[in-house]
Amino acid sequence: MSNIESGEKMGRFKELLRQDKVLILHGALGTELEFQGHDVSGKLWSAKYLIENPQLIQDIHEAYLKAGSDIVTTSSYQATLPGLEEVGLTAEEAREIIRLTVTLAKDARDNIWAQLTEEEKASRSFPLISGDVGPYAAYLADGSEYTGQYGEISAEALKAFHRERLTLLLEEGSELLALETIPNLLEIQALLDLLAQEFPTVEAYLSVTTQDGQTLTDGSDIALVADLVNQSKQVLALGVNCSAPAHVSQFLVHLSQMTQKPLVTYPNSGEVYDGKTQTWTQQADHSHTLLENTEKWIDQGAQIVGGCCRTRPVDIAFLADHLKNS
């Protein structure tokens with residue numbers, strides 16, 4: 001059984017992990033919007049549709065829930081308060097957009113759950129709502145998720161950047177937080193300190209990026225990341241996302257030697273993102289399917305799995321069908 005503390009009052013996320021359930025994540029939003037013909041260029045990326053046409057976001061949530069996702073991730077990755085204000089929203093309008101990301105996720109869950117038969121409901125967990133906390137890099141919108149280079153910024157400034165969005169996501173009903181695509185060690189330290197100091201009952205998982213399978217994207221030793229997470233009672237799982245599949249196994253080998261917490265995997269397709277042109281370059285990695293890779297990663301300790309950029313609901317459906325029915 002996973003090393004989840006049993007003596008504390010548990011939230012539903014912790015309880016599902018204790019049961020050794022494999023939890024399947026919601027997939028990419030921006031990719032699906034692009035596939036449907038919508039323009040996601042610009043600093044807000046997919047978040048601009050929270051302003052222009054939020055029903056599109058809810059429809060994609062519903063597609064992933066139909067596909068079998070156990071965790072619905074809110075559309076707040078690129079939706080930051082300063083980013084929204086920079087495109088002309090007032091501070092209160094920006095707050096309402098953050099709240100809306102949770103409402104859309106909850107409404108999608110309620111709609112899909114109401115459509116299931118009693119037998120279908122009994123065969124799966126009631127989906128969790130996960131407040132998506134993307135990195136400071138997402139606000140920069142310059143591809144620094146893939147470099148980890150933020151320039152001159154302090155831990156306190158990073159806490160200030162994240163604080164109110166976390167508050168809004170939780171107040172609106174997020175059951176856990178996804179601290180995802182984090183490329184920078186200082187930001188990890190700031191986020192974990194913020195949780196411990198100001199949100200001490202909140203459960204979360206942390207997912208980082210790597211460009212070589214051996215270090216955090218900013219070049220930091222992953223042992224430092226694992227040490228921070230091992231000290232946190234709130235971060236219940238640790239892993240890697242939006243990194244090339246070829247790097248994930250090696251990264252998990254290192255992580256599994258450094259932590260007993262459940263691991264997280266949701267790679268991109270293996271293509272490379274160019275932050276200057278906001279395009280994906282090189283070819284996807286077709287050497288193994290997402291299912292083949294995920295089955296291997298589960299053997300390495302992954303318990304929260306899925307796909308990130310360039311994956312779609314059909315990929316999640318294939319994953320869910322095989323992992324839940326095998």
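## The chain as a whole

The protein chain of this predicted model holds 14 helices together with 10 strands. Of its 326 residues, 55% are buried.

## Helix α6 against helix α9

Helix α6, residues 91–115, packs against helix α9, residues 155–171, at an angle of about 45°, and the two axes are 8 Å apart. Because angles under 35 degrees count as roughly parallel and 65 to 115 as roughly perpendicular, α6 and α9 are therefore oblique to each other. The crossing that α6 and α9 form is right-handed.

On the α6 side the contact involves Arg95, Ile98, Arg99, Thr101 and Val102, and these meet Glu164, Arg165, Leu168 and Leu169 on the α9 side. Sorted by class, the residues of the contact of α6 with α9 comprise four nonpolar, one polar and four charged.

## Helix α9 against helix α10

Helix α9 also packs with α10, here at an angle of about 55° and with the axes 9 Å apart. That angle makes α9 oblique to α10, and the crossing in which α9 passes α10 is right-handed. From α9 the contact draws on Ala155, Leu158, Lys159, His162, Arg163 and Leu166, while α10 supplies Leu186, Glu187, Ala190, Leu191, Asp193, Leu194, Leu195, Gln197 and Glu198. The residues of this contact of α9 with α10 divide into eight nonpolar, two polar and five charged.

## Helix α10 against helix α11

Helix α10, which spans residues 185–198, packs in turn with helix α11, which spans residues 222–231, at an angle of about 0° and with axes 11 Å apart. The two helices, α10 and α11, are therefore roughly parallel to each other. Leu185, Ile188, Gln189 and Leu192 in α10 meet Leu224, Val225, Leu228 and Val229 in α11. In terms of class, the contact of α10 with α11 is made up of seven nonpolar residues and one polar residue, with no charged residues.

Ile222 also has its place in helix α11, and its relative accessibility of 2% means that Ile222 counts as buried. Between Ile222 and Leu185, which are 37 residues apart in sequence, the distance from C-alpha to C-alpha is 9.0 Å. With neighbours within four places in sequence left aside, the residues in contact with Ile222 are Gln214, Thr215, Leu216, Phe251, His254, Leu255 and Met258.

## Cys242 and the recorded binding site

An unreviewed UniProt entry lists Cys242, Cys308 and Cys309 under "binding site". Of these recorded positions, Cys242 is found in the loop that runs between β6 (235–241) and α12 (245–256). The relative accessible area of Cys242 is 3%, so this residue is buried. In its backbone, Cys242 has a phi near 45°, which is a positive value in a residue other than glycine.

Asp20 is situated in the loop between α1 (12–18) and β1 (23–24), and because its relative accessible area is 38%, Asp20 is partly exposed.

Once its neighbours within four places in sequence are left aside, Glu32 is in contact with Ile60, Arg312 and Pro313.

Key: Residues numbered from 1 in each chain as written. Predicted model: local features only at pLDDT ≥ 70, side-chain atom pairs only at ≥ 80, totals over all residues. Heavy atoms only, no water. Axes fitted to C-alpha atoms, helices over the stretch in contact; angles between N-to-C directions. Helix = DSSP H or I, 4+ residues; strand = E, 2+ residues; numbered from the N terminus. Parallel < 35°, antiparallel > 145°, perpendicular 65-115°, else oblique. Left-handed = near helix turned anticlockwise from the far one by under 90°. Contact = heavy atoms within 4.5 Å. Nonpolar A, V, L, I, M, F, W, Y, C, P; charged D, E, K, R; others polar. UniProt positions renumbered as here; feature names shortened; annotations may be inferred. Buried < 20%, exposed > 50% of the residue type's maximum accessible area, 1.4 Å probe, protein only.
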